[in-house]
Amino acid sequence: MAGLARYLLLRALLIIPTVLILYTLVFVIMRVIPGDPVQAALGTRYVPPEQLELLRERHGLNDPLYVQYFEYLAGVVRFDFGESLVIEGRKIADDIKDRFPATLELTIASFIVSVGIGMATGILAAVRRGSKLDTAMRVYSIVAYTLFIPWLGSILIMIFSLWLGLLPTHGRLDPRISLEHKTGLYVLDAILTQNWVALKDALAHLVLPALTLGIVLSGAYTRLVRANLSEALVSDFVRAYRARGVRERRILLHALRNSLIPVVTMMGLQMAILLGGAVLTETTFSWPGMGSYLLEKVEARDYTAVQGVVVFFSFMVGLISLIVDAIYALIDPRIRY
Amino acid sequence: MRSRSAQSKTLIGVAIIVIVILAAAAFMMRGGEETQTTTTQTTPQTQATRTTEAPGAAKEETQATTTTPAQTPEETQTQAPSERVVVVGTTDKITELDPANAYDFFTWEVLSNVMAGLVTYDPDTGEIVGDLATEWKAEENGKVWIFKLRTDAKFADGTPCTAKDVVRSIERVMQIQGDPSWLVTEFVDKVEAVDDYTVKFTLKQPTGYFLSVVATVPYFPVHPNYPQDKIVADATWGGCGPYMIKEWVRDQKLVLVPNPYYYGEKPKNDKVIIRFFSDANSMRLALENGEIDVAWRTLTPQDITNLQQKGYNVVEVPGLFIRYVVVKTDAGPTSDKLVRQALAAAIDRQEIAIRVFKGTVEPLYSMVPAGMWSHVDVFKTKYGDGNIELAKQLLAQAGYSEDNKLKVELWYTPTHYGDTEDELAAVLKEQWERTGMIEVEIKSSEWAQYVKQLGDGQFMLSLLGWYPDYLDPDNYLTPFLKSTANSWTGTGYANPTVDDLLTKAQVATDQAEREKYYIQVQEILAEDVPFIPLVQGKLYIVTQPDFKGLKVSPLMFLIYSSLEP
């Protein structure tokens, strides 16, 4: 275990240079692209030149580049990603605090949907390999994988919201409902505060975005589970089990466990990507998460916000990769620490 | 090597740990109620405040909670059954809920509903009428303005709103020097409270349209909780207008309830909820699903047509937004007045309105929009619309021919004004090239770069838009035509006669006299052509079929108090 601990510590330390490289890149890109960030954020609104100068001063844009670089870095260490260029006095860290739980909630829900559907369809396809069902599942995986999220989202909204009137079209909660925000994860908040009206509504709001994203992501799992399980089902140990008269269901369970390793790896990677915010899903459902936030900030030319979010993402991706590596190291003894 | 069952247990264990860690991280990041932007007011008397480092005087009186003490457990989950609630959808965003720095259309609309100014616009007549001020007078030819305030105005927590609050708030704007502060600092030299209910402004120079300026948001008195030296982006203390902010979740919802101490007519609803959408499509679907009552800015022209066909109530609002071409007057071929006139003559605005904007805009023939006093269709009178023959004559006089074509560059920015911009540039090129004597090269650059190039005077011809800061012809003429104020446009236009007329119009207090000057300025504009007006925007509001009480102020702000669910 000491080896594992050392390995994990090393991996954790590797996050630092990763974040630093990414931050440096973003910092440089933000400053070499043409145009004045303050003027761009203001648009054509008239502001006298002397006041423009004051705004640049206030945002530290007149400081030498190295000062800007290290001051920001010092802030990042304290989880301070600077202040918005467009919304004066608004801290980027506060925005992340508000937006990240929405992304986390959607990630968890769509993760459950995608893994659920992906595993079920993959197992079915592998067990009935070569049958019509297998073909159907393979077609499903390709179709699901290539679906365009806004299109699928709109179709689901049309069916479940506009035609059947069962689910809301967008957002996280009916604005008429009050909910005390403890964690920012609305489903969890509703349970914690025993606000059952809010729980029902939050779940109803979660269904369509989670389903949309989940279906699209499930395609990859279907293929992966099918391929690995098919391979496991014809392996020597399965033949040995069969020869000993072990029941098929039990054999399947063993084979499945064996084929899960690459699936778990993919789960981790996918989670890392999802935590960066599912831009298309969030936009389609007006889901106030990190993806839609980044898009809004790019559109508003809020340079400091974009910079902050990218640095935050790099942290998240680093963290999730670390966890994936840890899982991988735990389950695959061939990994050397 | 461990057994497979041990491996799977480890797997499950690690997966659970990951989820728990992430949930815990989210929980810790929220940091309880202290760092939330979700703010709620408990009762009017004990106004809750956002608690994020409330600086200076901003001491919270109660912790932010999500319910009012008077509410029953049932009410904490949904609104009371008899409540008249209106849900308004928008794709706009709120920037800062602070008049010291807010400088965008939608935030000004919200602030106009939760705050009140000394004067305001009558939504029916469009004239300036008293709001917090009951009477006012100009002295020393418009250099000194004295306002008498009403004595019954109060903030949402019952604190009286006096002359001291007006002075403190305006001084705060001057001290903070936020984006719109020039609306105060360019005009006001000194503001003082003569007594509890009298405010005296001493201006830097006499200003005839000062009342229009005073009607803008930076002049609104704010609650004493607003710190004197700092912008508070998520402030919910408000002012003494018809509403107070009950709940604010950035980019998700803003809940307004009537200010119980408001001196004016009581709102026709009990609650207004603003819902924020990431795009027009989700807003349209929410309207169709009955989740919102009103779809405000901005649905697409296609959505508006479809919704109208489905029986939704579509209301057209005359817009104050204008689009125009900036023409460089101090260098290159466009420094020749004949060339500029030819370009103006060849443009067919009707065609632009229909082909590019699908009829959602009106042709515009002056920089002052139609419907505003002093507006004259100067370009129509002088050049007509799409007058190719006149354009050819003018070009010939300037020395151009079909063999010796005028070569011009037209610049646009691809995303800032929406998807139609490249088409607008293409149609303009087509119209100019119809003369057979002009060759147009279209160029574009991204907004940040575009603005810089514009100010540096790098464009021969460029497309731009304008939304007014205050409702007066001055705001459509001075920033463009006065040589000391128009450097940002890069036109290089300077005409001492125009400068003189604009100064006279600024100083004069008599509207008839000012109108005379502005008409003269518009005539010179059509003669000199440093700008070519193109179209004037219209806005659309779509509501549920049976919805009533839609009222828009002359500044195009939705008046929430008249909305009837």
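Helices, in the sense used here, are DSSP runs of H or I with at least four residues, numbered from the N terminus. In this predicted model, helix α13 of chain A spans residues 290-299, and the helix is followed by A:R301, whose phi is positive, near 55°. The buried residues of α13(A) are A:M290, A:G291, A:S292, A:Y293, A:L294 and A:K297.

The largest nonpolar core has 245 residues, and those with the most contacts inside it are B:L256 and B:I532. The largest share of this core, 16 residues, is contributed by helix α9 of chain A, which covers residues 196-233. Leaving aside residues up to four places away in sequence, B:I532 touches B:Y324, B:V325 and B:V327, and likewise B:L343, B:A344 and B:I347. In soluble globular proteins, nonpolar side chains tend to be buried together.

Chain B also holds an open sheet of four strands in the order β5-β6-β8-β7, with antiparallel pairing. Its edge strands, β5 and β7 of chain B, each pair on one side only, and the twist averages 20° from one strand to the next. Within the sheet, β6 and β8 of chain B pair in the antiparallel sense over five bridges, with B:I146 standing opposite B:K200 in β8(B). Helix α4 of chain B lies across β6, β7 and β8 of chain B and runs at about 160° to β7(B).

| β5 (chain B) | residues 133-139 |

Methods. Residues are numbered from 1 along each chain as its sequence is written. Chains are lettered from A and ligands numbered from 1 in the order in which they are written. This is a predicted model: local features need pLDDT of at least 70, side-chain atom pairs count only at pLDDT 80 or more; totals for chains, interfaces and linings use all residues. A nonpolar core is a set of buried Ala, Val, Leu, Ile, Met, Phe, Trp, Tyr and Cys residues joined through C-beta atoms within 7 Å. A residue is buried if 20 or more other C-beta atoms lie within 10 Å of its own, exposed if 12 or fewer, and partly exposed in between; C-beta atoms are placed from the backbone. Helices (H or I, at least four residues) and strands (E, at least two) are DSSP runs, numbered from the N terminus. Two residues are in contact if their C-beta atoms, placed from the backbone, lie within 7 Å. Two strands pair if DSSP finds at least two bridges between them. Axes are lines fitted to C-alpha atoms, for helices over the stretch in contact, and angles run from 0 to 180 degrees between N-to-C directions.
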